[in-house]
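Subject: Structure handover

Hello,

Here is the structure I said I would pass on. My notes on it follow below.

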Amino acid sequence: MAGDILVQRRQTEATTAAAQIGATFEMWEHPDGQLAPTLDIRFQIIREIRTFQPDLVLTHRPYDYHPDHRAVAQLVQDASYMVTVPPIAPETPILPRDPVVAYFPDLFTRPNPLRADVVVDVTAQMDRIVRLLACHASQVFEWMPFNQGVLDQVPDNESARITWLRQWVEDFKAPFTERYRDRIIDVYGAQAESAIAYVEILEISEYARSLGAQEKQSLFPFVPQ
C-alpha cells in the first residue's frame with residue numbers, strides 16, 4: 001500500500017491512537033523517505049514550536065537507521081535555539097527560552113551511544129503501550145513484519161494479534177533494560193530494580209535548554225529524583 005490511500009489510512013490510525021490519550025496532532029505533508037533538512041522545513045518547525053510553546057520536545061537522535069529520522073533530528077536541533085531569535089521567521093512571535101529537547105531511545109553505538117539522562121519505568125504501562133501501538137495497524141501488523149520477513153507470523157485474530165504484538169514490544173524493549181541496568185539501579189535503587197522489566201530511556205539534547213533538577217521534577221514527576 002502506498003500513495004494517498006496509505007496517507008489517509010495512517011492519518012486515521014493516528015487519530016485513533018491520539019483519541020485514546022486525549023492528544024491532538026498535526027500530520028505534515030512530507031513524502032515518506034524524502035525528507036531533507038531544508039530551511040523551509042526548519043522554519044516550519046520553528047513556527048510550530050513557537051506556536052505550541054512546548055515544555056518538552058521529543059525527537060530522534062541524529063544517529064538512526066532511517067534517513068527521515070536523521071533529517072528530523074537535524075531539523076529540530078537546528079530549530080532549538082532559533083526559536084528565541086527575533087529575525088528568524090519573524091511572522092511568529094519568539095519564545096523567551098527554548099524548550100527541553102529529548103531524544104527517543106535507540107541502540108546505535110556509533111558515533112555515540114545513547115546517554116541515559118532520564119530513565120522511566122514503564123513496566124506497569126506495557127498493556128497500554130501495546131494497545132496504542134496496535135492502533136497503527138498498517139505499521140505494526142503489516143509493514144514492519146513484512147520488512148523484517150515475519151509477515152507470515154502475524155495472526156489474523158485480533159486478540160492473538162495483541163498477544164503477538166506484546167511479545168514483539170517486549171523483545172524490542174528488553175535490550176534497553178539490560179544495557180542500562182546500572183543506570184536503572186542508580187535511579188530506582190537496587191531493591192526496586194529487580195521489579196523493573198521495561199524502561200523508556202531519554203537523552204537530553206545539548207543544543208536546547210538544559211534539564212536542571214527543578215525542570216526534571218516538573219517534566220518527570222513520576223521518576224525518582
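Of the 225 residues of the protein, 39% count as buried. Please keep in mind that this is a predicted model.

Overall layout

The protein contains nine helices and four strands. Read from the N terminus, its elements follow the order α-α-β-α-β-β-α-α-α-α-α-β-α. The C-alpha trace spans about 55 × 50 × 35 Å along the principal axes. For 225 residues, a compact globule would have a radius of gyration near 17 Å; the value for the protein is 19 Å, which agrees. Among contacts with a separation of 6 or more, 72% are between residues 24 or more positions apart.

Helix H1 and its partners

On the H1 side the residues are Ala17, Gln20 and Ile21, and they meet Arg128, Arg131 and Leu132 in H4. Sorted by class, this contact of H1 with H4 has three nonpolar residues, one polar and two charged.

The residues of the contact of H1 with H5 divide into three nonpolar, two polar and four charged.

Aromatic pairs

How many aromatic pairs does the structure hold? There are five aromatic pairs. A pair of aromatic rings is described by the distance of the centres and the angle of the planes.

Phe141 and Trp164 form a tilted pair, at 6.4 Å centre to centre with 50° between the planes. Phe141 belongs to helix H5 (residues 137-147) and Trp164 to helix H6 (residues 158-179), so this pair ties together parts that are 23 residues apart in sequence. Phe141 and Trp164 are both buried.

Phe220 and Phe222 form an edge-to-face pair, with 6.3 Å between centres and 90° between the planes. Which of these two is buried, and which is exposed? Phe220 is buried, since its relative accessible area is 4% and buried means under 20%. Phe222 has a relative accessibility of 54% and therefore counts as exposed, the cut-off for that being over 50%.

Ring pairs also link Trp168, Phe172 and Phe176 into a cluster.

Three single residues

The remaining notes concern Ile41, His60 and Glu170.

Ile41 sits in helix H2, residues 39-52. Its relative accessibility is 10%, so Ile41 counts as buried. Setting aside neighbours within four places in sequence, Ile41 is in contact with His30, Leu35, Ala36 and Leu75. Ile41 and Val76 are 35 residues apart in sequence, and their C-alpha atoms are 9.7 Å apart in space.

His60 is in the loop that runs between strand S1 (56-59) and helix H3 (67-82). At 19% relative accessibility, His60 counts as buried, because the cut-off is under 20%. Apart from neighbours within four places in sequence, His60 is in contact with His69, Ala73, Tyr103 and Phe104.

Glu170 has its place in helix H6. Its relative accessibility is 17%, so Glu170 also counts as buried. Beyond neighbours within four places in sequence, the contacts of Glu170 are with Met126 and Tyr198.

After that, look at Phe141 and Trp164, which form a tilted pair, and at Phe220 and Phe222, which form an edge-to-face pair.

Regards

Conventions
Residues are numbered from 1 along each chain as its sequence is written. This is a predicted model: local features need pLDDT of at least 70, side-chain atom pairs count only at pLDDT 80 or more; totals for chains, interfaces and linings use all residues. Side-chain values use heavy atoms; hydrogens and water are left out. Contact means heavy atoms within 4.5 Å. Helices (H or I, at least four residues) and strands (E, at least two) are DSSP runs, numbered from the N terminus. Ala, Val, Leu, Ile, Met, Phe, Trp, Tyr, Cys and Pro count as nonpolar, Asp, Glu, Lys and Arg as charged, and the others, Gly among them, as polar. Rings of Phe, Tyr and Trp (its six-membered ring) pair if their centres lie within 6.5 Å; planes under 30 degrees apart count as stacked, over 60 as edge-to-face and the rest as tilted. Buried means under 20% relative accessible area, exposed over 50%, partly exposed in between (1.4 Å probe, protein chains only). The radius of gyration is taken over C-alpha atoms; the globule rule is 2.2 Å times the number of residues to the power 0.38.
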